[in-house]
Every structure is written in C-alpha cells, then in structure tokens.
Amino acid sequence: MRLLIVEDHEELLALMIERLCEYGYACDYASCGEAADIKIHDNTYDAVLLDLNLPDQDGFDLLAAWRMKGVACPVLVVSARNDIEDRVKGLQLGSDDYISKPFDFKELHARIQAVIRRFHGRPISKIEVAGLSIDVDTRTVLLDQTKIALSPKEYDILEYIASQHPRIISNSEIAEHVYNEEFDPFSGVIRVHMANIRKKLIIDGKSVLCNEKGKGYFLCHP
C-alpha cells in the first residue's frame with residue numbers, strides 16, 4: 001500500500017518513513033501543503049497521513065480543499081493538536097481518522113489499515129479469495145491451508161491484487177500502489193516478482209494468479 005506522509009518535522013518524517021516501510025508501506029512525503037497538493041493530484045495513494053501545522057498553510061485548509069475537489073483518498077490526521085474541537089473539526093472536514101502525537105507506531109499502523117479497509121468496504125483484516133487466506137495484520141498468506149513464503153514485496157503485490165478482486169490489475173497500477181515515486185516502472189522488476197508469485201501459488205498444477213495478456217493480473221480458481 002502506498003502512503004503520502006505530509007509532515008514538516010524532518011526527524012519525525014524520517015522516523016515515520018523508516019517505521020512504516022518496515023510495515024510494508026511504500027512512502028512518499030511532502031513537507032508543505034503546496035508539495036502535498038501537487039503529489040495528491042499527480043499520484044495514486046491508498047491513504048494520506050496529514051499533519052496540521054504546516055509551514056505554508058493549515059492542514060485543515062488543505063483537507064477541505066481536497067474534499068471540495070473530489071479527492072476521495074482516505075486521510076488520517078496526525079497532529080499534536082489534540083483538543084476535542086480539533087478532532088471534531090477534522091472529522092467534519094472529511095478526515096477518516098485522527099491520531100494525536102506522540103503516537104505508537106503499532107496503533108498508527110492499525111488505524112491506517114482500518115481506514116483503508118473501510119474505504120474498500122472490508123470489515124475485517126482478512127482477505128479470502130481463490131483459495132487464498134491473507135491476514136493483513138500479520139502479513140501471512142495461506143493457500144489451501146498451507147502457509148506460503150513470500151518476500152515482503154511479493155506479499156505487498158499479492159495483497160493489493162487480492163484486495164481489488166475480481167478486477168484485472170495492470171503493471172502500472174501495481175507500480176502506483178506498491179512502490180513509491182522513485183520506482184522505475186520500466187525496470188522489469190514487477191515482471192520478475194509476478195513470475196515468482198505465480199510459481200508459489202500452485203494448486204493441482206495450476207497457479208491461482210492468472211494473467212490476461214496485454215491487460216494484467218487477477219486471482220482465479222485453478
């Protein structure tokens with residue numbers, strides 16, 4: 001899953017990127033409202049973590065402008081402003097959640113997962129499709145009750161494809177949601193990962209990860 005972190009405190013920003021990458025997120029960042037506004041319109045994000053005390057504008061104004069423009073991406077306000085009035089205002093302006101600084105990264109991760117699940121209409125943290133059972137919280141995958149060993153990036157790709165079932169997912173969409181803005185989508189890396197995942201998801205001699213030539217990948221019963 002790909003996040004946009006809007007935070008102007010350099011040390012906290014670096015820590016958030018480091019820790020959230022450990023949870024498997026691809027992280028882009030912006031240190032001011034103007035940069036965040038450009039990135040939210042130029043890229044596709046699964047969630048935004050938004051600080052309120054930005055150097056060029058109030059985060060609430062940025063949030064309100066996004067919602068007025070039809071930006072539907074889940075937004076989780078992460079702020080040292082923890083008065084009840086600020087929490088209520090954030091929710092009224094369209095934030096999906098509000099967490100106060102300082103925060104625990106386990107809680108932040110859980111809240112990010114919760115807002116993404118709600119956005120996609122999934123009430124629980126497990127995805128079950130095509131014989132697969134994917135536990136988003138523990139990042140484990142079972143195929144026909146057998147645990148599958150995946151690399152971190154293989155897991156990220158499979159989770160995204162499963163979360164979008166039954167849609168066909170193109171390489172470009174995988175790049176948008178699983179990698180950050182520094183990734184080269186023409187490098188061939190995704191193709192290698194997809195080949196490895198397909199080999200690991202075999203039932204009765206056939207892979208549950210299918211491909212429609214020229215379009216992309218989807219999950220199917222063998």
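Predicted model: local features only at pLDDT ≥ 70, side-chain atom pairs only at ≥ 80, totals over all residues.
1. Some ground rules: local features need pLDDT of at least 70 and side-chain atom pairs count only at pLDDT 80 or more, while totals for chains, interfaces and linings use all residues. Residues are numbered from 1 along each chain as its sequence is written, and side-chain values use heavy atoms, with hydrogens and water left out.

2. Asp51 carries the UniProt feature "modified residue: 4-aspartylphosphate", from an unreviewed entry; UniProt positions follow the numbering used here, feature names are shortened, and annotations may be inferred rather than shown by experiment. Asp51 lies in the loop between strand 3 (47–50) and helix 3 (59–68) (helices are DSSP runs of H or I, at least four residues, and strands runs of E, at least two, numbered from the N terminus).

3. Is Asp51 buried or exposed? Buried, at 3% relative accessibility (buried is under 20% relative accessible area, exposed over 50%, partly exposed in between, with a 1.4 Å probe and protein chains only). Beyond neighbours within four places in sequence, Asp51 is in contact (heavy atoms within 4.5 Å) with Val6, Glu7, Asp8, Gly59, Val78, Ser79 and Lys101.

4. Ser133 sits in strand 7 (residues 132–135) and is buried too, with a relative accessible area of 16%. Setting aside neighbours within four places in sequence, the contacts of Ser133 are Lys126, Ile127, Glu128, Thr140, Val141 and Leu142.

5. Helix 6 (residues 152–163) has 10 of its 12 residues buried, so the rest of the structure largely encloses it. Among the buried ones are Tyr155, Ile157, Leu158 and Ile161.
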